[in-house]
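Please read this report with the structure open beside it.

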Amino acid sequence: MEFKDYYNILGIAPDADPKEVKAAYRKLARKYHPDMNPDEGAEAKFKDVAEAYQVLKNAETRAEFDELLKYGSQSQHGFQPPPGWKSSANAGYQEGAQFDGSFSDFFNSIFGGASQGQRADDFYQGAHRGRGSDIEIELPVFLEETLKENEKSVEFVIPADEFAQTPTSRKHLKVKIPQGIMDGERIRLRGQGKPGYNGGTPGDLYLHIRVVPHPLFDVVGHNLTITVPLTPWEAALGTRVTLPTLEGKIHLTIPPGTQSGDKLRLKGKGLKSKTVTGDMFAVAKVVMPENISEKSKALWQALAESESFDPRKDWDTKS
Amino acid sequence: MSDSLFSISFNELCQLEGIDSDVVIEIVEYGIVRPANLSRETSESDQWLFDTTSIRWLKKALRLHRDLEIDWLAVAMVVDLMRENEILQKENDTYQRQLARFIKDAAHPE
């Protein structure tokens, strides 16, 4: 087992006063708290910092740690508590413990009782020990799948848990995804999280819905937007286009004189839930052909000569 | 097949997550989360239902309060800002995607 120098973890001297301990913890907690810092590794660092503070903020456990520090820093081949070691300071842990994960083996061997380790959330949750942790995973859902109720297979990993004494395992579930599910919603599956320990109930599984971006459609609430590329002459003269929707094709009339960015509303062709049916908006985008033939060039030239339209007439650039 | 749930009741929340009922009431009083069915008829806390999104914010609020030792008023402000930031981020992603359909190299400017 690795010896953890809690003073080092908090970046303070072994003779630091309680105020300095608290200040060091606050600074590091602010920096590494997983809710404030999404970086990989931040959570592990926070766990170390919380564990160090847990021990050093209490005079009794700090004194015990100081004793071990003299002993532990001399051992070359991994740390073992002194024979017959038993912490008398467990009473100091009943409330206000930081972090709801599990503390290190080192912590448990010293302060938790080596044979029946306690986890940090026991200290916090008191009577509720034994329940497994909740797990949250992301579940990608295609836009088409949101139109009606769907059954999806979900495979996920349950991390090993030393308290429930379960190894890492894979779980396979069939889940009902209701019609009209939206990006960011969470589905709760009771009892499908981490197993409990000492006869406790398992935690829940939360599926965080991620609607996969669609190559054609953008989603705003229950509405969909599709960009409709048009030739300049289609935009000028109007046309009829065949438009893909999530449920087959429809015909759309583009009126003459359509501008880039003009929106046409197709009622009821958006996303559907039990209570709401969204619309689809077709947004025109005028596109120039990439290669212009000599013949086309002559036609554009003729148009240029016959038209007096100036799209930049508001600019004050004439000198 | 497991039942797909979208809410958790007040009692279940306190029991399962080991949260003190007074703490949940305090979190609701500060407006950090709002029961999905809050009305004059459901003013008693044991009738409350929380949606799964609120659960996430509630747990976040608990962690911030406990780990960073900040009071509930400050937690309420932090959670509000985090929530707003998430909404803006999502809106921004949508606009970037739409813009990229019109303007070359518009997506994800460095």
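The sections below cover the basis of the model, the helix pairs, the sheets and the contact between the chains.

## Basis of the model

This is a predicted model, in which local features need pLDDT of at least 70 and side-chain atom pairs count only at pLDDT 80 or more, while totals for chains, interfaces and linings use all residues. Residues are numbered from 1 along each chain as its sequence is written, chains are lettered from A and ligands numbered from 1 in the order in which they are written, and side-chain values use heavy atoms, with hydrogens and water left out.

Helices (H or I, at least four residues) and strands (E, at least two) are DSSP runs, numbered from the N terminus.

## A helix pair in chain A

Helix 2 (residues 18-32) and helix 3 (residues 42-56) of chain A pack with their axes 9 Å apart, at an angle of about 160°. Axes are lines fitted to C-alpha atoms, for helices over the stretch in contact, and angles run from 0 to 180 degrees between N-to-C directions. Helix 2 of chain A and helix 3 of chain A are therefore roughly antiparallel (angles under 35 degrees count as roughly parallel, over 145 as roughly antiparallel, 65 to 115 as roughly perpendicular and the rest as oblique). The crossing of helix 2 of chain A with helix 3 of chain A is left-handed; a crossing has this name if the near helix is turned anticlockwise from the far one by less than a right angle, and is right-handed if clockwise.

Contact means heavy atoms within 4.5 Å. On the helix 2 side of this pair in chain A, the contact residues include A:Val21, A:Tyr25 and A:Leu28, and on the helix 3 side they include A:Phe46, A:Val49 and A:Tyr53. The residues of this contact between helix 2 and helix 3 of chain A divide into 11 nonpolar, no polar and three charged. Here Ala, Val, Leu, Ile, Met, Phe, Trp, Tyr, Cys and Pro count as nonpolar, Asp, Glu, Lys and Arg as charged, and the others, Gly among them, as polar.

## Helix pairs in chain B

In chain B, helix 1 (residues 10-17) and helix 2 (residues 21-29) pack at about 125°, and their axes are 10 Å apart. That angle makes helix 1 of chain B oblique to helix 2 of chain B. Their crossing is right-handed. B:Phe10, B:Leu13 and B:Cys14 in helix 1 meet B:Ser21, B:Val24 and B:Ile25 in helix 2. Five of these contact residues are nonpolar, one is polar and none is charged.

Helix 3 (residues 52-67) and helix 4 of chain B pack at an angle of about 135°, with axes 10 Å apart. Helix 3 of chain B is thus oblique to helix 4 of chain B. Helix 3 of chain B passes helix 4 of chain B in a right-handed crossing. The contact residues include B:Trp57 and B:Leu64 in helix 3, and B:Trp72 and B:Met82 in helix 4. This contact has nine nonpolar, one polar and four charged residues.

## Two sheets in chain A

Strands of a sheet pair through backbone hydrogen bonds, either parallel or antiparallel. One open sheet in chain A has three strands in the order 1-5-4, with mixed pairing. Strand 1 (135-141) and strand 4 (186-189) of chain A are its edge strands, each pairing on one side only. The twist averages 25° from one strand to the next. Strand 4 and strand 5 (residues 205-211) of chain A run antiparallel and are joined by four bridges; two strands pair if DSSP finds at least two bridges between them.

Another open sheet in chain A has four strands in the order 6-7-11-10, again with mixed pairing. Strand 6 (217-220) and strand 10 (263-266) of chain A each have a single partner strand, so one side of each is left without a neighbour in the sheet. The twist averages 30° from one strand to the next. Strand 6 and strand 7 (residues 223-230) of chain A pair in the antiparallel sense over four bridges. A:Val220 has A:Asn223 in strand 7 as its bridge partner. Helix 4 (residues 72-102) of chain B packs on this sheet, touching strand 6, strand 7 and strand 11 (280-286) of chain A.

## Contact between the chains

The contact takes 52 residues from chain A and 33 residues from chain B. Chain A and chain B bury about 3,700 Å² between them, 49% of it on carbon and sulfur atoms. Buried area is the accessible area (1.4 Å probe) that two parts lose on being put together, summed over both. In chain A, A:Asp35, A:Arg186 and A:Arg188 lose the most area to chain B, together 20% of what that side buries.
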